[in-house]
Amino acid sequence: MELMKALTEELPVESVYLGCRAVSIVLDPLTSNPLLQLHDGTLIKAKIVIGCDGVNSIISKFVGVNSPKLFSRCATRGFTYYEGAHSFGDKFRFYSSNDVTLGQLPVTDKLVYWFLTRVLTSQDLSDARKDPTYITKASLEAIKGFPEEIVELVKNTEPKALYLTELRYRAPWDLVLAKFRKGTVVVAGDAMHAMCPFISQGGGASLEDAVVLARCLSEKLKQATEGGGNRLVEEALDEYVRERRMRVFWLSLQTYFVGLAQDNTSKVKKALGIAGLILVFGDQRSHTDYDCGRL
């Protein structure tokens with residue numbers, strides 16, 4: 001809520017729509033401006049549309065981005081509250097055994113965030129994935145043999161603080177050729193470069209998108225008083241796409257290799273992932289040494 005407030009407080013109240021989603025988008029045949037239809041039937045006539053509508057984005061389909069692929073693993077996330085202070089300190093901890101990985105990050109002295117990835121099953125794609133009882137049971141089954149304090153961490157998570165999601169990603173090779181812009185419509189965040197969470201860069205890459213896109217648009221729109229509004233917007237969006245394409249490609253490729261290296265269901269995939277990381281990403285922290293520039 002604080003983030004939403006910070007994003008909206010500088011905007012006119014009537015310009016913000018909450019609790020809605022886009023169901024379709026077309027370009028006006030007369031003006032070439034986007035026409036956006038919301039789920040409640042509202043039609044928005046826009047000058048620019050920036051699609052940040054997630055991995056199953058309607059906007060990305062419109063501009064021609066391939067559908068995301070289903071990865072062989074799923075992720076469970078949870079927050080566990082302790083009445084008394086927990087004993088985990090303030091350090092991030094990572095545990096791995098067979099096909100299961102679990103990360104743990106204390107938020108305060110009484111609240112701990114954790115995530116778990118494991119092999120995806122058919123039940124994880126059914127309605128059971130919304131059932132906290134199933135999520136807890138499947139998670140506890142996955143972490144058998146883990147330290148007792150980790151088992152208790154998962155067992156004591158409040159049902160309303162449990163989330164199970166399948167992992168979807170846009171293939172790195174698709175990002176090289178994808179057309180991320182159509183007219184004055186463009187995509188950003190997961191709508192552009194959904195990736196699995198193995199190197200924890202999806203959110204950071206989305207913030208980079210925002211900085212680069214804002215910079216490109218502001219520089220071009222300063223010239224809009226001279227005419228050619230749509231042309232200048234399209235040029236700005238093309239510049240944004242050019243600047244972001246290879247950055248998100250390399251992030252997605254590294255994430256893909258890490259995912260393959262964790263896949264114990266196929267020795268070939270596992271070997272390919274390990275080889276890719278060694279040959280292409282000798283320094284596996286190099287993705288953090290990046291500056292997207294200023295606004």
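**Note on pockets, cavities and domains**

1. Helices (H or I, at least four residues) and strands (E, at least two) are DSSP runs, numbered from the N terminus. The model is predicted, so to speak of local features requires pLDDT of at least 70, side-chain atom pairs count only at pLDDT 80 or more, and totals for chains, interfaces and linings use all residues. Residues are numbered from 1 along each chain as its sequence is written, and side-chain values use heavy atoms, with hydrogens and water left out.

2. The volume of the largest pocket is about 1,300 Å³. A pocket is an open set of points on a 1 Å grid over the protein atoms alone, with protein on both sides within 12 Å along at least five of seven lines; a cavity is a set where a 1.4 Å probe fits but cannot get out, and lining residues have an atom within 4 Å of a point. Points are joined across faces, edges and corners, and a volume is the space filled by probe spheres set on them.

3. Which residues lie nearest the centre of the largest pocket? They are Ser15, Tyr17, Leu36, Ile50 and Cys52, out of 26 lining residues. Helix H1 (2-8), strand E2 (34-38) and strand E4 (49-51) are the elements that give two or more residues to this lining. By class, the lining has 20 nonpolar, three polar and three charged residues. Here Ala, Val, Leu, Ile, Met, Phe, Trp, Tyr, Cys and Pro count as nonpolar, Asp, Glu, Lys and Arg as charged, and the others, Gly among them, as polar.

4. The chain is divided into domain 1 (1-68 + 171-288) and domain 2 (70-168), with bounds from an automatic or database domain assignment. Taken over C-alpha atoms, the centres of domain 1 and domain 2 are 28 Å apart. In the contact (heavy atoms within 4.5 Å), domain 1 takes part with 14 residues and domain 2 with eleven residues.

5. The second largest pocket lies between domain 1 and domain 2, because both give residues to its lining. Its volume is about 950 Å³. The lining holds 32 residues, and Cys196, Pro197, Phe198, Ile199 and Ser200 lie nearest the centre of this pocket. Elements that supply at least two lining residues include strand E5 (69-81), helix H7 (202-221) and helix H8 (229-261), while E9 has the largest share, four residues. The lining of the second largest pocket divides into 16 nonpolar, twelve polar and four charged residues.

6. The structure has two cavities of 30 Å³ or more. The largest cavity holds about 70 Å³ of space, and its lining includes Phe71, Tyr169, Arg170, Cys196 and Phe198. H8 gives the most to this lining, with three residues. By class, the lining of the largest cavity has eight nonpolar, two polar and one charged residues.

7. The second largest cavity has a volume of about 40 Å³. Among its lining residues are Val65, Asn66, Arg170, Asp174 and Leu175. They divide by class into four nonpolar, two polar and two charged.
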